[in-house]
Amino acid sequence: YLMSDPFKLRANAYPVQTKFYNQADYYIEHNQLLYCTRLNNGNYAFSTLRGGTAIIDAKGTLVQIIDSKSGLQNETHNSLGQDKQNALWISMDIGLSRVDNSSPISFWNDNMGLKGGTLSVVRFKGRIFVGTWQGLFYYNFPSEKYTYEGDDLTAEISQFKPVKGVRTQSWDLLRLKNLKNRSKDKLLVASSDGVYETNEFA
């Protein structure tokens with residue numbers, strides 16, 4: 001619940017509390033809220049006992065979940081704090097972690113679904129494609145998707161998915177531009193068993 005205009009209260013007036021509907025309600029309820037704080041950019045961060053930390057924007061949209069899939073030690077986050085560089089500090093039951101979620105740099109590894117050493121990277125039709133020793137993978141923007149399965153909240157954040165049919169070393173990627181119709185651009189994939197051409201990915 002949030003107060004409406006908490007700093008503009010009249011004398012002898014009670015603050016008005018209204019329900020703040022947001023996409024993290026279910027997450028907070030089922031993972032036991034421990035701490036919350038307002039971030040410098042206007043977002044809100046909620047740390048929990050079992051589910052890590054959820055970040056929502058001022059409109060209630062779930063922006064990010066920070067947990068072991070993000071590279072942290074576990075999902076028990078006791079307290080939160082933000083420093084002058086806008087980095088988020090998370091106190092856990094086994095240590096302290098610093099999360100630079102305001103950085104323009106993203107880091108992807110096995111935890112984000114990217115398998116094998118990176119050989120080639122290209123941006124194509126709003127996605128990031130990465131060729132590795134184990135095939136071709138793609139990343140959707142935006143990638144944040146949340147679904148409920150029973151009592152569990154499943155988050156798909158910064159997750160790479162394999163491109164079906166390309167499961168060998170993908171050495172190089174080349175965009176073929178169609179100057180008359182950009183929607184018909186193609187992506188060529190040079191792999192160890194041949195060259196693939198595609199413009200749609202399942």
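Start by selecting Asp 67, which sits in the loop between β6 (62-66) and β7 (77-82); strands are DSSP runs of E with at least two residues, helices are runs of H or I with at least four, and both are numbered from the N terminus. You're looking at a predicted model, where local features need pLDDT of at least 70, side-chain atom pairs count only at pLDDT 80 or more, and totals for chains, interfaces and linings use all residues. Residues are numbered from 1 along each chain as its sequence is written, and side-chain values use heavy atoms, with hydrogens and water left out.

Is Asp 67 buried or exposed? Asp 67 is buried, because its relative accessibility is 13% (buried is under 20% relative accessible area, exposed over 50%, partly exposed in between, using a 1.4 Å probe and protein chains only). Now show what Asp 67 touches: leaving out residues up to four places away in sequence, that's Gly 51, Gly 52, Leu 72 and Glu 75 (contact means heavy atoms within 4.5 Å).

Next, click on Gln 32, in the loop between α1 (25-31) and β3 (33-38). Gln 32 isn't a glycine, yet its phi is positive, about 65°. At 39% relative accessibility, Gln 32 is partly exposed.

Then hop over to Lys 125, between β10 (118-124) and β11 (127-132) in a loop. Here's another non-glycine with a positive phi, about 55°.

Last stop: select Arg 98 and Asp 83, whose side chains form a salt bridge at 3.5 Å, N to O (a side-chain nitrogen of Lys or Arg within 4 Å of a carboxyl oxygen of Asp or Glu). Arg 98 is in strand β9 (residues 95-99) and Asp 83 in the loop between β7 and β8 (88-92), so the pair links parts 15 residues apart in sequence.
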